Amino acid sequence: MEEVQLGEEDIDKATEVAPALISVHPFEKSVVVALGSELRVFDLEGDCSISLSDDSGGPGHSDSIRAICFDASGRLFASAGDDKLVKIWMADSWCCIRIVCADKRVSAVAISHDGSFVVFADKFGVVWVVSLDGDGESQALCAKKPMPILGHYCSIITTLKFSPDGRFVASADRDFKIRVTIFPRDPLKGAHEIQSFCLGHTDFVSCLAFVCPSDYPLGFLLSGSGDSTVRLWDFSSGCLLATCEALESNETDKGNHPAVTDISSSADGALIVVSIQSFHGVMLLNCNFSAKSLSVAKVVSMKGSYVPTSLCVSSLAKHLWTVMGASNQPSSGTTQLARVRVCSISRQDGEDDLLVLEDNDTPGGEKLLSKLQGSSDVTEIESMLVSTTSALNSAIHNLLTKKQYSSEKREFRKKNRNDRKQKQ
């Protein structure tokens with residue numbers, strides 16, 4: 001049989017659908033949803049939607065946004081994605097103060113705890129850093145270029161997280177690896193000191209979360225994976241402490257291995273929430289740090305076709321914010337639609353619990369939902385969600401499951417790689 005050549009258009013099909021993302025200000029002053037190339041911001045303090053201001057002189061996002069985050073103080077916000085742009089925003093004025101142009105599509109982004117640096121990862125597995133020193137409200141597009149600080153050797157990096165004390169940056173990839181790197185005082189010269197590798201997952205690592213209980217000041221690392229597990233790590237040594245099989249409680253997918261798609265937690269780890277591929281709701285995990293155990297505490301179902309694609313708990317741990325949506329999905333109008341669901345967090349007998357709020361009880365109410373979802377018409381959105389689930393499942397498989405190529409295709413890809421630079 002004649003070998004079919006694999007061109008750039010075929011490779012890019014895996015990136016056509018991107019999940020909706022949600023991020024909430026550490027003190028719940030605002031909440032952001034990214035859907036496709038659009039950022040939707042709602043001011044919870046002012047009870048109003050926000051129009052973004054871009055005075056940087058550079059382009060806006062023109063392709064799917066793949067990563068968003070606030071810094072620890074809530075002063076800065078970053079967005080990045082398939083258009084090879086990283087945009088840094090002031091989170092009070094929502095003015096873009098910096099645009100960083102990457103050579104390749106960006107898959108993950110994080111801001112250092114002191115707000116001095118932004119790190120981001122590209123699709124080739126390289127992590128870059130850019131300094132924000134001197135940036136302010138009136139700063140125009142800066143000529144400073146990002147510098148490479150570490151790499152994952154040609155493997156797509158799925159997420160980046162800073163430790164609570166800012167001393168470490170954790171990176172995870174499609175090839176089952178988690179790397180914990182000491183974040184240097186001068187990262188522009190590179191991050192060469194590896195603290196540990198956390199190895200044990202048998203499929204791509206999709207998400208990470210640091211937790212820091214009061215009795216353990218260094219903290220722990222949680223990871224979710226395509227192998228349907230959540231794992232607890234002593235990241236200082238790379239030692240695996242506990243494994244929780246999320247599949248055991250996912251009765252809707254018997255015989256399959258749905259991926260853990262996102263994880264979010266309170267700072268002390270008292271609340272740990274995960275979302276799972278094709279699962280209509282979220283799971284609460286119970287972690288006994290002294291006994292080094294991790295287990296499913298409760299399943300919180302969400303009615304309809306709702307399968308969260310992104311989760312976020314603020315530092316205040318008042319609410320769990322979730323969103324479901326995907327780019328390039330059909331809708332009756334020109335606006336892409338998403339669905340936002342919020343849970344209140346309460347503590348009873350020393351344990352956290354979730355209550356799914358009705359739309360009328362959601363902070364910001366109809367104004368927030370209309371802004372973040374693209375519509376307040378639940379019927380219209382629900383009809384869209386049915387096709388979203390299957391599209392996202394295919395996108396996760398295509399993007400994060402490592403492909404097997406024949407020797408002919410491998411040679412073809414080597415010859416047509418766009419990362420090879422001709423020596424001048």
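Predicted model: local features only at pLDDT ≥ 70, side-chain atom pairs only at ≥ 80, totals over all residues.
Residues are numbered from 1 along each chain as its sequence is written, and side-chain values use heavy atoms, with hydrogens and water left out.

The chain contains 4 helices and 29 strands; these are DSSP runs numbered from the N terminus, with helices (H or I) of at least four residues and strands (E) of at least two. Of its 424 residues, 54% are buried, a class defined by under 20% relative accessible area, with exposed meaning over 50% and partly exposed lying in between (1.4 Å probe, protein chains only). Among contacts with a separation of 6 or more, 54% join residues 24 or more positions apart; a contact means heavy atoms within 4.5 Å.

Strand β11 (residues 117–122) is largely enclosed by the rest of the structure, because 6 of its 6 residues are buried. On one side of β11 lie Phe117, Val119 and Ala121, and on the other Val118, Phe120 and Asp122, all of them buried. Strand β10 (residues 106–111) pairs with β11 in the antiparallel sense over 5 bridges; two strands pair if DSSP finds at least two bridges between them. Within this pairing, Val106 stands opposite Asp122. The two strands form a hairpin with 5 residues between them, and Gly115 in the turn has a positive phi of about 75 degrees. Strand β12 (residues 126–131) is likewise antiparallel to β11, over 5 bridges, with Val129 of β12 opposite Val119. The hairpin of β11 and β12 has 3 residues between the strands, and its turn includes Gly125, with a positive phi of about 90 degrees.

Elsewhere, 4 strands form an open antiparallel sheet in the order β22-β23-β24-β25. Its edge strands, β22 (260–265) and β25 (293–301), each pair on one side only. The twist averages 30 degrees from one strand to the next; axes are lines fitted to C-alpha atoms, for helices over the stretch in contact, and angles run from 0 to 180 degrees between N-to-C directions. Strand β24 (residues 281–288) pairs with β25 over 8 bridges, and Leu284 has Lys298 of β25 as its bridge partner.

The chain exposes about 18,700 Å², of which carbon and sulfur atoms supply 48%; accessible areas come from the Shrake-Rupley method with a 1.4 Å probe, and for residues only the protein chains shown count as cover.

Side chains of opposite charge can pair when their charged atoms come close. The whole structure holds 11 salt bridges, each being a side-chain nitrogen of Lys or Arg within 4 Å of a carboxyl oxygen of Asp or Glu. One of them joins Lys367 and Asp47 (3.0 Å, N to O). Lys367 lies in helix α2 (residues 365–373) and Asp47 in the loop between β3 (38–43) and β4 (48–50), so the pair ties together parts that are 320 residues apart in sequence. Lys367 is partly exposed at 46% relative accessibility, as is Asp47 at 34%. In the salt bridge between Asp186 and Lys189, the closest N and O atoms are 3.8 Å apart; Asp186 is partly exposed at 33% relative accessibility, whereas Lys189 is exposed, with a relative accessible area of 66%. Arg339, Asp359 and Glu382 are linked in a network of salt bridges.
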